[in-house]
Every structure is written in structure tokens, then in C-alpha cells.
Amino acid sequence: MKNLRVVFTKAIKVFFSLALLFNLISFEPVQAADLNPSILTNLIATVTQDNVEIGDNDTIDSTKPIRVQISFGVPVLGDFDDPVPVDAQYVRKGDTVTLQLSDAFTLLSSNSIELNMGAVKVGTASFATDPITKMVTATITFDGDDEVFDGTSNTVTAQFIADFEFDADAFTGGSGDFVIKILEKEYTLNVPPLPITYEVNKVGSVDLATQSVLWTVNLSALQGTNDVIDLAGLEFFDNLQSVGTYIEDSFTVNSISTPITITNNQISYVFPESTNTPTTITFRTRISNTAYYATSQQSITNTAVLRETVDSITTILDQDPETVTFTPPTWISKSGVSSDTVGGVYDPTNRTITWTITANPAGASLNNVIITDVLPIGLTFNQASWQTWNGSGW
């Protein structure tokens, strides 16, 4: 009985030891982890543009999209012989790895790509962009087939391909060559100057008193967010042949009287350096006598042009036609009021008519003007008076 008790006691000890080991193995599953990218092997990024690989001495053109191929090896349980070393580092199902791709580009491809090795799924790559840093990341979730992670497979590899374009909206470095990183590898990125958009806005104001039109042309430009652009070397041009004669010395640039070139009633002006937008041009043209003395509504149209000439080739950067419409002055008008009473008593025999003739109501500068009024038979001239308008009264 003593020996039996000892065996029984040992059996109990062995049973409890096995039970404890069983609990440790079966009821504490390994949790999925976000692993350091260094666990991946042979992590390589290949960048191509126009189907040509970008080498160490090549430059990426920021105006064209690029294709990035990321390939890597995945250490898995099947890579190790039994027994597996205690310190073995390998990827388990459910683990993730996050790769920082670049902060200079935006993604053109799908936000999620399935990673396969032949017919076997290894995982899924999903992309995200940090709203502040603009860093595009690829998070690889190893959610593939069980055979990849349960020790069946070894020498597992995967790759994904994504298309990107330069993030010009977020880039604040200006133009030139810049060093950027794609998956920690440095590349040279060429950023050309942003295009400049020019705008010409022309308005006309008729001044009947001076028989002229005041033209005002506002020039503006925009390059990205910069609206202060030097117009140096650019030319302002306006063909006035169908408008009227240019009034000498009326051309101003930002309110400063400026000499211009006049050929066949076509005016032009080349901007010197440091003529920055916004810039305002004004000048006057004479209204033709035909239009000025017409008896119906008149219209005058012409076009202001901003242009550039390089190697004898002229390019219109922007232009704006403007039409002004005006009604010529009523040069003379006449009205009459009769008087039927003399001293408050009706007198049909001694009636008078007071005639009012208003001439040149526009206040034009007229020379040697003669006003005539031929009285019909039966009317006798009595008297006349002359008044001029001083701007506020006769």
C-alpha cells in the first residue's frame, strides 16, 4: 500500500504538470502584431516613368505619373527547421507591416490590392494618406491562406504595383530639382515652373463733352497662388483702326503718362522690368464725326491684347474685346410758350411767344458755331437773350 500511494502521488503530480502545460499552449493564443518593416526581406522599390526604370542618376519628371513596384520576401514558420529557434522572427497570420512610401505623390491606383504568390493569397495592401504630412503609406495585412503561415509554405514572396502622380497642390518648394524619397530611397524630382495664367479686362467710358472714349485695361496674372507677376518683355497691343484716332499723350501705366509706339493707328507698349501685376492701362480715342453727329445709337468695339514674342513667334496670352454704346448728343432743341394776356387781361391781338433754343447740351467744345432761326411770315422779332451753363446753373 505504501508503494501504491507513492505511484499515485507521482501520477497526480504528472497529471497536474501536463494540465498546466496544456493550459499554457491551448488557451493563450498569439495576438496579431504590427511588425517593423525590417522583418521583410529583400524589400525593393522599382520606380518607372513612361515604362523606363528611373536609375540612380535619372530624374523624375513631376508632370508625368510614375509607377512604383514594391517586392519583398515574407519570413514564415515554414522557413525554419524543427525545432524552431526560440528567437526566430517570422510573420504570423493577421500580422501587419506599414511601409512609408512618399510624401511627394498622391495615389492614382486602387486603395486596396490583393497580394498573391501564384494561386496562393499572401495578404492585402491598403493605402492611406496622412492629411497633415501628406505621407502615403501602404499597410500590408497578412490575411492570406492558412498554408502560408502554418508551416506548409516557405520562401514566400509578394509584390504590389501602384501608380502615383506628383502632388503639386501640396508642394511649396517652387521650381527646380529636389531630392525626394520613395520607400527611403532618394530620387531627384524636377519641378518645372507653374504655368502663368494672364487675364485682360477692358472697359470703355464715353465722354460726349470731349468727343472721346476713355479705355481702361486691367492686367492680372496668377502662377499657383502668386498673383504678383512681372510683365517684363510682354507687349500690350490694341488696333484702333475701327475705333477712332488715338489721342496723343493719353496713354498711362498705373496712372503714369507713358510714351508708346503708334503705327497705322495701332498702339503697342512693351513692359519694362518690374512692371508687376496687377497693372492698369488707360488711354483715350477720339469718336469719329460720323458717329458723334449721328442721329441714332452708336457702338464702338475694339480688343485689348497681351502678347509675347519669342524667336519671331508671337503668342496671344489673353485678350478682351469691349463694346461701348452711346447715343449722340441732341445738339439743338426748341420749344415755345405763348402769352394770351396783357396785364392779366386776355388780348388776342398782342400775344407773344417766348421761344427757348437749347444748343450743345453735352457741353462739347465747339468753334465758330452759328445758331439761326428763320421766323415765319406773321411773326415779328421782339428781343433775345443769351445764357450759358456754368455747371450748376444758367
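Guide: Let us begin with confidence: pLDDT is the predictor's confidence in each residue, on a scale from 0 to 100. This is a predicted model, and the mean pLDDT of its chain is 88, with 91% of the residues reaching 70 or more.

Visitor: Over which residues does pLDDT stay under 50?

Guide: That stretch is residues 1–28, and for these residues the model has 2 contacts beyond four places in sequence.

Visitor: In what order do the strands of the open sheet lie?

Guide: The sheet is formed by 5 strands in the order S19-S20-S16-S22-S23, with antiparallel pairing. Strand S19 (261–263) and strand S23 (313–326) are called edge strands, as each pairs on one side only. From one strand to the next, the twist averages 20°.

Visitor: What is Val270 in contact with, leaving aside its neighbours within four places in sequence?

Guide: Val270, which lies in strand S20 (residues 266–270), is in contact with Gly233, Leu234 and Glu235. Contact here means that heavy atoms come within 4.5 Å. Ser288 is 18 residues from Val270 in sequence, and the two are 28 Å apart in space, C-alpha to C-alpha.

Visitor: Why is one space called a cavity and another a pocket?

Guide: A cavity is a set of points where a 1.4 Å probe fits but cannot get out, whereas a pocket is an open set, so the way out decides the name. A search of the whole structure finds 1 cavity of 30 Å³ or more, and the space in the largest cavity is about 30 Å³. Its lining consists of Ile66, Val68, Leu101, Ser102, Phe105, Phe164 and Ile182, and the elements that give two or more residues to this lining are strand S5 (66–74) and strand S6 (96–102). By class, the lining of the largest cavity has 6 nonpolar residues, 1 polar and no charged.

Visitor: And which residues are closest to the centre of the largest pocket?

Guide: The largest pocket holds about 1600 Å³ of space. Among the 38 residues that line this pocket, Trp355, Thr356, Ile357, Ala384 and Ser385 are the closest to its centre. Strand S27 (352–359) and strand S24 (332–339) each supply at least two residues of the lining, and the largest share, 8 residues, comes from S27. The lining of the largest pocket divides into 19 nonpolar, 17 polar and 2 charged residues.

Visitor: What is the phi of Lys134?

Guide: Most residues other than glycine have a negative phi. Lys134 is not a glycine, yet its phi is positive, at about 65°. Lys134 has its place in the loop between strand S9 (120–129) and strand S10 (136–141).

Terms used. Residues are numbered from 1 along each chain as its sequence is written. This is a predicted model: local features need pLDDT of at least 70, side-chain atom pairs count only at pLDDT 80 or more; totals for chains, interfaces and linings use all residues. Side-chain values use heavy atoms; hydrogens and water are left out. Two strands pair if DSSP finds at least two bridges between them. Helices (H or I, at least four residues) and strands (E, at least two) are DSSP runs, numbered from the N terminus. Axes are lines fitted to C-alpha atoms, for helices over the stretch in contact, and angles run from 0 to 180 degrees between N-to-C directions. On a 1 Å grid over the protein atoms alone, a cavity is a set of points where a 1.4 Å probe fits but cannot get out, and a pocket is an open set with protein on both sides within 12 Å along at least five of seven lines; lining residues have an atom within 4 Å of a point. Grid points are joined across faces, edges and corners, and a volume is the space filled by probe spheres set on the points. Ala, Val, Leu, Ile, Met, Phe, Trp, Tyr, Cys and Pro count as nonpolar, Asp, Glu, Lys and Arg as charged, and the others, Gly among them, as polar.
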